[in-house]
Amino acid sequence: MTPSRRIFAGLSIGNFLVLLDTSILNVALPDVQRDLGSSSTALPWAAVAYTISFAGLLLAAGAVSDRFGARKVYAGALAAFAALSLACAAAPSIGALIGGRVLLGAAAACMVPSSVALLAGLFEHPGARARAIGVWAAVTSSGLLLGPMLGGLLVTAGGWRLVFLVNPSIAALALLLSRKLANPRPAQVRPLDLPGIALSVVALVALTYGLIDGGTNGWGRPIPWVSVAVAVLAGLALAVVERRVEHPVLPPSLVAHRDLDASIVAAAVATLVFYGVLYSLTLWLQGERGWTPLQTGLAFVPMTLPMCVLPIFAGRLVARFGARRVILVGLAFDVLAGALLLGATSGASIGWVLAAQVPLVLASTTVIPAATADVAVHAPAEVAGAAQGALNAGRQAGSALGVAILGPLAALPHVGLVLVGISVLAVLVAFAGRRPTPRSDQDRPQSVLATVNRWLTKA
């Protein structure tokens, strides 16, 4: 194995570990409850705490990666992930386990933007970079698929603590393979925007928490509404603070890049649709059809299994046709999936649901790798970590929004109608009037974020 391929494998395995831990604990929760004597209300937070921490810290982690060097941040976060996994395995109570999962999510947040920034640096040619990101996306996506199956085997073999004890060996392998990575840092190191980082963390954590809590436990309580209100206030405060600091957490070179904005929006919408529909179909199959959890899991194999292969072809398509065309085709698949769900009435055949999974997985496995490749290729080198942090923060917010928006809908035709509307709106907002990259910064079209920032400055 050549050094570049060995390093590539190390980066891919690290991100595989991040996605593995988003789903591996779910099947172990009943065993956790029996062993730790947890209440039914506290138990779900052992799984959700990881996602909330992960999503809330992604943007800040990107800025930290640019400041201290992507290699140093990636290696440190990977080592911390291994150590924190051991701490979770030794948790004496549900509170300690939830706290460990929060810290584990923080380590995962530092791994993702730094690893993708390093991945982009391994391949100089944009086409080779896009193909590599397709393979990377396929390897990491397999973590999401293998999580429930591996978790079930480990719980059966020795209990829920084995779910965490498997992580250190995987992390050690990733560290070994990527040990010869360089630690590139920009010529001009930007100081950390601590107020901006703090406000971005508050906004993203509060938004993710509120959306997940409201989508899973209902919106008839004040907690999710208060949380979303805190997120909005923190976001407004962030907009005010960012236009007054010299080195904002969202760099102007990133905010002003309309093409990158479009890719981030497209990736967020594709994630929203995928996880929102996945959640809705789970409720429909078990509630409307009366299927068992095992039958429901098997019903999703046509949608989840291709995620391990299709991103490889998406990377090749991006290298040949460009990210914009691939993303547009992917969003069109989301529209088709919504149209098929319109026929999934209560008395309809299960074939409608299975048919809708095909365009749904085609959409997620084309839009997300294409958007990741687009950001990796076109983001300025000095803010590569921040760009990947923004992209992945958008994706995580999209997954929470998917549960919050599509989860409460009672019928799949309603889900399909909303899905079509969201996908069409994404095309219009992200790509209407999009022009080729200008020759100079003066001619560059201003993004939505840059326009809002200019209005705030004039206010």
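Predicted model: local features only at pLDDT ≥ 70, side-chain atom pairs only at ≥ 80, totals over all residues.
Asp35 itself is found in helix α2, which spans residues 29–36. Its relative accessibility is 43%, so Asp35 counts as partly exposed. The position of Asp35 was also compared with that of Ile94, which lies 59 residues apart from Asp35 along the chain. The C-alpha atoms of Asp35 and Ile94 are separated by 9.6 Å.

Cysteine residues were examined next. The structure holds zero disulfides; a pair of cysteine sulfur atoms would have to lie within 2.5 Å to be counted as one. Cys88 has a relative accessibility of 0% and therefore counts as buried, the limit for that class being under 20%. For Cys110 the value is 23%, so this residue counts as partly exposed.

On the surface, a nonpolar patch is formed by Val202, Val226 and Val230. Together, these three valines have about 220 Å² of accessible area. One of them, Val202, is found in helix α9, which covers residues 194–217. Val202 counts as partly exposed because its relative accessibility is 39%.

Methods: Residues numbered from 1 in each chain as written. Heavy atoms only, no water. Buried < 20%, exposed > 50% of the residue type's maximum accessible area, 1.4 Å probe, protein only. Patch = residues over 30% accessible without salt bridge, like charges linked within 9 Å, V, L, I, M, F, W, Y side chains within 5 Å. Areas by Shrake-Rupley, 256 points an atom, 1.4 Å probe, with all protein chains shown as cover. Salt bridge = Lys/Arg side-chain N within 4 Å of Asp/Glu carboxyl O. Helix = DSSP H or I, 4+ residues; strand = E, 2+ residues; numbered from the N terminus.
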